[in-house]
Amino acid sequence: MKITEVSTYIVGNAWKNWVFTRVDTDEGVHGIGECTLNGFAKTVEAAVHELKRFVIGQDPFDVENHTLRLFREVYSDGGQVQGAALAGIEFACWDIMGKATNLPVYKLIGGRCHERLRVYANGWYRGPREAQSFHDKAK
């Protein structure tokens, strides 16, 4: 299996834009990643397109190698922008691995270690800053 393309999608909402990546393979399996960096949607999108040349033609299962190459071989101080772009590509590769093996990603990275997890949801801070408003938005 080889990576054939890396695409980006900017999805707007009322309080920030999200940036998603899609990594396609020659076997028809694709993965989705997310690389949002608040206020820098177009900048991160450009960074993804700058970095994709390092992974096209490569095996998506070699995710650790991709991460090292996208960080080391670029020889820059890209900071958060480079890190966000790299993460979007990496997450999409993990998604491909999960789909190709028919396993949840947590099984691929060491297995489950908790029976239950508390969930944190964000984005409820628009509107009245009152308990009832947060409750209504959470529902």
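**Close-up views of a predicted model**

**Figure 1. Lysine 52 is buried, with a relative accessible area of 18%.** In this predicted model, lysine 52 counts as buried because its relative accessible area of 18% falls under the 20% limit for that class. Lysine 52 is placed in the loop between H1 and helix H2, the latter formed by residues 63-72. When residues up to four places away in sequence are not counted, lysine 52 touches Glu5 and Val6. With one of these, glutamate 5, the contact is also polar: the two side chains meet at 2.9 Å.

**Figure 2. Glutamate 5, the polar partner of lysine 52, lies in strand E1.** Which side chain does the side chain of glutamate 5 join in a polar contact of 2.9 Å? The partner is the side chain of lysine 52. Glutamate 5 has a relative accessible area of 31% and is therefore partly exposed. Neighbours within four places in sequence aside, glutamate 5 is in contact with Arg22, Val23, Asp24, Lys52 and Ile56. Arginine 69 is 64 residues from glutamate 5 along the chain, and the C-alpha atoms of the two are separated by 17 Å.

**Figure 3. Serine 7 is a buried residue of strand E1.** The strand that holds serine 7 comprises residues 3-12. Is serine 7 buried or exposed? Serine 7 is buried, because its relative accessible area is 17% and the class requires a value under 20%. Apart from neighbours within four places in sequence, the residues in contact with serine 7 are Phe20, Thr21, Arg22, Asp24 and His49. Two of these, Arg22 and Asp24, are also listed among the contacts of glutamate 5.

**Figure 4. Glutamate 45 is a buried residue of helix H1.** The relative accessible area of glutamate 45 is 17%, so this residue is classed as buried. Which residues are in contact with glutamate 45, leaving aside its neighbours within four places in sequence? They are Thr8 and Ile10. Glutamate 45 and isoleucine 10 stand 35 residues apart in sequence, and their C-alpha atoms are 8.0 Å apart in space.

**Figure 5. Helix H1 and helix H3 cross at roughly 65°.** H1 consists of residues 41-51 and H3 of residues 79-101, and their axes come within 8 Å. The handedness of this crossing is right-handed. On the side of H1, the contact involves Thr43, Val44, Ala47, Val48 and Leu51.

**Figure 6. Asparagine 102 has a positive phi value, near 60°.** This value is found here in a residue other than glycine. Where is the place of asparagine 102? Asparagine 102 is in the loop between H3 and H4. The relative accessibility of asparagine 102 is 69%, which means that the residue counts as exposed, the limit for that class being over 50%.

**Figure 7. Histidine 114 belongs to the loop between helix H4 and helix H5.** H4 is formed by residues 105-108 and H5 by residues 131-138. Histidine 114 has a relative accessibility of 46% and so counts as partly exposed. Valine 74 is 40 residues from histidine 114 in sequence, and the two are 37 Å apart in space, C-alpha to C-alpha.

**Figure 8. The protein as a whole has five helices and three strands.** This final legend gives the setting for the close-up views. In what order do the elements run from the N terminus on? The order is β-β-β-α-α-α-α-α. The C-alpha trace spans about 50 × 35 × 25 Å along its principal axes. Of the 139 residues in the protein, 32% are buried. Among contacts between residues at least 6 apart in sequence, 52% join residues at least 24 apart. The protein exposes about 9100 Å², of which carbon and sulfur atoms supply 52%.

Key:
Residues are numbered from 1 along each chain as its sequence is written. This is a predicted model: local features need pLDDT of at least 70, side-chain atom pairs count only at pLDDT 80 or more; totals for chains, interfaces and linings use all residues. Side-chain values use heavy atoms; hydrogens and water are left out. Axes are lines fitted to C-alpha atoms, for helices over the stretch in contact, and angles run from 0 to 180 degrees between N-to-C directions. Helices (H or I, at least four residues) and strands (E, at least two) are DSSP runs, numbered from the N terminus. A crossing is left-handed if the near helix is turned anticlockwise from the far one by less than a right angle, and right-handed if clockwise. Contact means heavy atoms within 4.5 Å. Buried means under 20% relative accessible area, exposed over 50%, partly exposed in between (1.4 Å probe, protein chains only). Accessible areas come from the Shrake-Rupley method with a 1.4 Å probe; for residues, only the protein chains shown count as cover. A polar contact is a pair of N or O atoms within 3.5 Å; within protein, one must be able to donate a hydrogen and the other to accept it, and residues adjacent in sequence count only if both atoms are side-chain atoms.
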